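Here are my notes on the model you asked me to look over. Have it open beside you while you read.

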Amino acid sequence: MPRTPGGESGIVAPVLRSHRVPGLALNRLSAARNALQNQGVPLIDLTGSNPTRAGLHYPDDLLASLAGPAGLHYGPDPRGLPAARAAVCAELGRHGAAVDPGRVVLTASTSEAYAFLFKVLCDPGDEVLVPVPSYPLFEILSGLEAVRAVPYPLDPHGGWSYDADAIAARVTARTRAVIVVSPNNPTGTVLSSADVRALSACCATHGVTLIADEVFMDYRLPAASGHPPTVLTDTTCLTVSLGGLSKAVGLPQLKLAWMAVAGPDRDARDLLDRLELVGDSFLSVGTPIQAALPAIFARGAAVRDQIRARVVDNLSSLRRHLAASPALQLLEPAGGWTAVLRVPSTGSEEALALDLLERHHVVVQPGYFYDFPSEAWLVVSLLVEPEPFARGIERIVAATAMESDKMDQGPR
């Protein structure tokens, strides 16, 4: 028999691949969106979360400090340059957290921070507890590290609040960390002092680490008044708070994030030493951005202020549009860039999102993208420019009203 590539005697050997990488097939919404865009159909995208494409004004000299002479000298520190870590501590100080620069580790992104933490906390097959509904990246990030993401439910009857008892019930001998997101994406849930104390006690009892994703810390709304801006001010267990430039100053392209470690000295030192070893293996954060960080924080405040104003304005616009549409309900957020709408369960969320896309040319995300446990929810971004945001919401209101009218009329 003739030989064939990759095998002998006509037998083709399979190409072996890691099961850590999930399936790559497009979902129906992505496929439909691509088809419309290829046809040149203009769409109103209510899912945009890239601040650099949201019509914000960035100061012309915002990145000037990246060209400073300090960026020409390479003297890497696996935890991050001391001046950059001190700048992070100053930012956390704005929120009332006193953090020593020695307890800060820099990474290129919060996704990389999760990867580092999973490497040092978990062996293959260990578990981390993740909230649902929440951002769907956790399953991918944990899977890439051969770690199992175990979901725990937020309490829908308490405004999707955190329930320490529900978390404790899911802790096993293989649990290594509990992840919380505050403000949560997409529900906007913000942890209270009581929540933090209960979670801290739960993690201390079971000997696991509390990982708090606080990237939206700067975008808390009036509903969060009285709640601590960061878990670092209240926690007593081994805790890691995550933040980054992507959200703090609307500059995702600069690729810098941080981990701030709190908790008992011995546990914190051990975790930091392990993170340093991993960081020394990658050295992923560039010198120019670290050297420029103090100036970037100072000048970037102007961008942050615009984002805050955009979120508040779009949220007000959303409330006005929904006031005349009792069929739609807003899940009032306490922070973040997203809003969640409860819509009549006249069909599946996917069918509704596809209808909005194909007939009304509005792009939204269905609730199941974020693992909402029941139908029917739509998720929209509050970062979208005000005029298209208002037009998109108007179309959602009109489409929902049409479906409600059909329900009221019943079958003909």
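The points below go through strands, helices and cysteines in turn.

1. Ground rules. This is a predicted model, where local features need pLDDT of at least 70 and side-chain atom pairs count only at pLDDT 80 or more, while totals for chains, interfaces and linings use all residues. Numbering starts from 1 along each chain as its sequence is written, and side-chain values use heavy atoms, with hydrogens and water left out. Helices (H or I, at least four residues) and strands (E, at least two) are DSSP runs, numbered from the N terminus.

2. Strand E6. Have a look at residues 209-213: 5 of the 5 residues are buried, so E6 is largely enclosed by the rest of the structure. Buried here means under 20% relative accessible area, exposed is over 50%, and partly exposed is in between (1.4 Å probe, protein chains only). In a regular strand the side chains alternate between the two faces of the sheet. In E6 both faces are covered, with Thr 209, Ile 211 and Asp 213 buried on one side and Leu 210 and Ala 212 buried on the other.

3. Neighbours of E6. Strands count as paired if DSSP finds at least two bridges between them. Strand E5 (residues 175-181) runs parallel to E6 and is joined to it by 5 bridges, with Val 181 opposite Asp 213. E6 also runs parallel to strand E7 (residues 239-244), through 4 bridges; there Leu 210 sits opposite Thr 239.

4. The crossover. Which hand does the unit made by E5, helix H6 and E6 have? It is a right-handed β-α-β unit, with H6 spanning residues 193-206. The convention: with the strands pointing away from the viewer, the path from the first strand over the helix to the second runs clockwise.

5. Strand E8. All 6 of the 6 residues in E8 (residues 257-262) are buried. Ala 257, Met 259 and Val 261 cover one face, and Trp 258, Ala 260 and Ala 262 the other. E7 is antiparallel to E8, with 6 bridges between them, and Gly 243 has Trp 258 as its bridge partner. Strand E2 (residues 104-107) is antiparallel to E8 too, over 4 bridges, and Val 105 stands opposite Met 259.

6. The other sheet. Four strands make an open antiparallel sheet, in the order E9-E10-E13-E12. E9 (329-331) and E12 (365-366) are at the edges with a single partner strand each, so one side of each has no neighbour in the sheet. E10 (residues 338-342) and E13 (residues 377-381) pair antiparallel over 5 bridges, and Leu 341 faces Leu 378 across that pairing.

7. Helix packing. H3 (residues 110-121) and H4 (residues 137-144) pack at about 45 degrees, axes 9 Å apart. Axes are lines fitted to C-alpha atoms, for helices over the stretch in contact, and angles run from 0 to 180 degrees between N-to-C directions. That makes H3 oblique to H4; under 35 degrees counts as roughly parallel, over 145 as roughly antiparallel, 65 to 115 as roughly perpendicular and the rest as oblique.

8. Cysteines. How many disulfides does the structure hold? The count is 0, taking a disulfide as a pair of cysteine sulfur atoms within 2.5 Å. The closest cysteine sulfur to that of Cys 122 belongs to Cys 203, and at 13 Å it is too far for a bond. Cys 237 is in no disulfide either, the nearest cysteine sulfur, in Cys 203, being 4.6 Å away. Cys 122 is buried at 9% relative accessible area, and Cys 237 is buried at 3%.
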